[in-house]
Amino acid sequence: MSIITERRFFYAVVALFALLLFYRLGSWGVLETSEARYAEMSWEMYRSGDLIHPSFMELRHYHKPPLTYVITAGAYWLFGPSPFAARFFLQIALLLQIALIYGIGQLIFDDRQRARLATMTYLSFPILLIASRTLTTDLYLTTFLLLGVWCWLRGEVRGNSLVWTLAAYFAWGLACLTKGAGVVILPAVLLPTYYLLFRPRSWIKLIGRHFLGALVFAAVGLSWYIELIREDPDFLHYFLVEQTINRYASDQWQRAQPWGFYLLTVSATALPWFWLLIARVRKLPWWRWHVFLAVWIVAPLLFYSFAQSKLILYVLPIYSGLALLSVPVLEGLSERIGRRLGLTLSIFFGALLLPLLVVTMGPVGPVHLLWSAIACAVMVGSVLWSNRATALSVEYRVLLPVLVFNLAMLPVSAEFLRDNELLVNSTAPVTDFIKSGKLAGRPVYLLNRRLPSVAFNLHQPVTYLYYGETGRDTTRQGDGNWREYYQDILLYDTREKLRNYWSTKPSLVVGYQSPDSLSLDLLRSFSHREKIGRYTVYY
């Protein structure tokens, strides 16, 4: 493939990826539990205008810093509160990551073609599909971390180190405002690794500019924490012990997984590059940048593997290093191995895509037939392109089938999520029923489960009926107003109060799964019910 053709192919792939990211982005409701929680908290922040004290269903919620909610509230200001708005800047953040991978690749390899190869490898990771479909903090976090790495390397490689170092710490400060001080693990391993491999001319100047950078990081990243600690000194223990040390060392959130959890998930969501890297890493020359990228992958992976709390997106930043280190691995493949591997991947991903389409697209129709045809074209076209007569280089013979699979899965996932909202934990069918009838505007109560998606979809506060314990931290509330929205139905007085209110004010209850005898007795106040999947609307 000529350089001009390769460059055009790169820009075409990036443009197609950008378009497919927004394909029916708002066609499915926000998903329980994480996305719904972030979307609702952002909506409450937008309504209140309070950027310092995030709230979750009217309850103060300080588990994470507020930057994700601020960004999402900005999208609500632009587009109004909706699933599309909740996910809009998430896609922008991913597109910025693509640009940053390209920029970091240029700095490391000093070669635009290799930078483009690293970027397209990154685009082929299925983990991006998972990260971009639902609102969480992790994609924003990774974007700010990569922005910091790019700024820092830009100063080290191209000069003007002080300005770019300060810019890097500013970006890492934004990362801290996104998910807390624990995010420093990536720069904490990359900085010493780089300076051990590339010795600075003056350690004194180096320490001086990083000291100034640390001040910038503290001013930006710790600003929210300092403000809350100023209001209440007990927040210091809360953030340092409960939300940092305990999150890492204990299973207080019931997210414990085996030690090898991330080895399994990374190997599956970085197919085939993780296994290709494992198989070929010993054949890589011990170039200093290769060691740097290896540390980028291995050190955070080990760090999070020892953590008690594990979720798949916690290690999202390591995929950037994996994409960059895959470049010399791909370039080291011989013509024979590259042709065979490309053919194998074409058959594997083509065969995988077809049943996924059959499962996800529902009843046979025009859209189903269209995407089935695309799957066949992917399989046949990839096999032909892997032929000896193709003009593709070895790297692109291997990359193409994986890349096309990931691109195809973007619209496929959107169709699946839209057609299976109840299956994927969206309450949009429930709230659509409420809004379509004469139930809109009634007070809404939630039974057996907190459902922030109901509050978000209806754009109104809801009341949670709980048994004895709210399941949330209620010790750091500014006042007692939250009790209006959290009612303990184990208390006889609360049940009588609800019965009296419901007898005079038309209301509705959204119940999750089957109610117990206590709940059934309370629900006798309602004469109608509508079963919608696992949910029942009583009115």
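Me: Does W77 count as buried or exposed, and why?
Reply: Exposed, because its relative accessibility is 64%; the cut-offs are under 20% for buried, over 50% for exposed and partly exposed in between, with a 1.4 Å probe and protein chains only. This is a predicted model, where local features need pLDDT of at least 70, side-chain atom pairs count only at pLDDT 80 or more, and totals for chains, interfaces and linings use all residues. Residues are numbered from 1 along each chain as its sequence is written, and side-chain values use heavy atoms, leaving out hydrogens and water.

Me: Where is W77 placed?
Reply: W77 is in helix α3, residues 67-79. Helices here are DSSP runs of H or I with at least four residues, strands are E runs of at least two, and both are numbered from the N terminus.

Me: How far apart are the C-alpha atoms of W77 and Y46?
Reply: They are separated by 7.7 Å, with the two residues 31 apart along the chain.

Me: Switching topic, how many residues of the chain count as buried?
Reply: 55% of the 539 residues.

Me: And how many helices and strands?
Reply: The chain has 23 helices and eight strands.

Me: Which residues lie nearest the centre of the largest pocket?
Reply: K179, A181, G182, Q243 and T244, out of 35 lining residues. A pocket is an open set of points on a 1 Å grid over the protein atoms alone, where a 1.4 Å probe fits, with protein on both sides within 12 Å along at least five of seven lines; lining residues have an atom within 4 Å of a point.

Me: Which helix gives the largest share of that lining?
Reply: α12, with seven residues.
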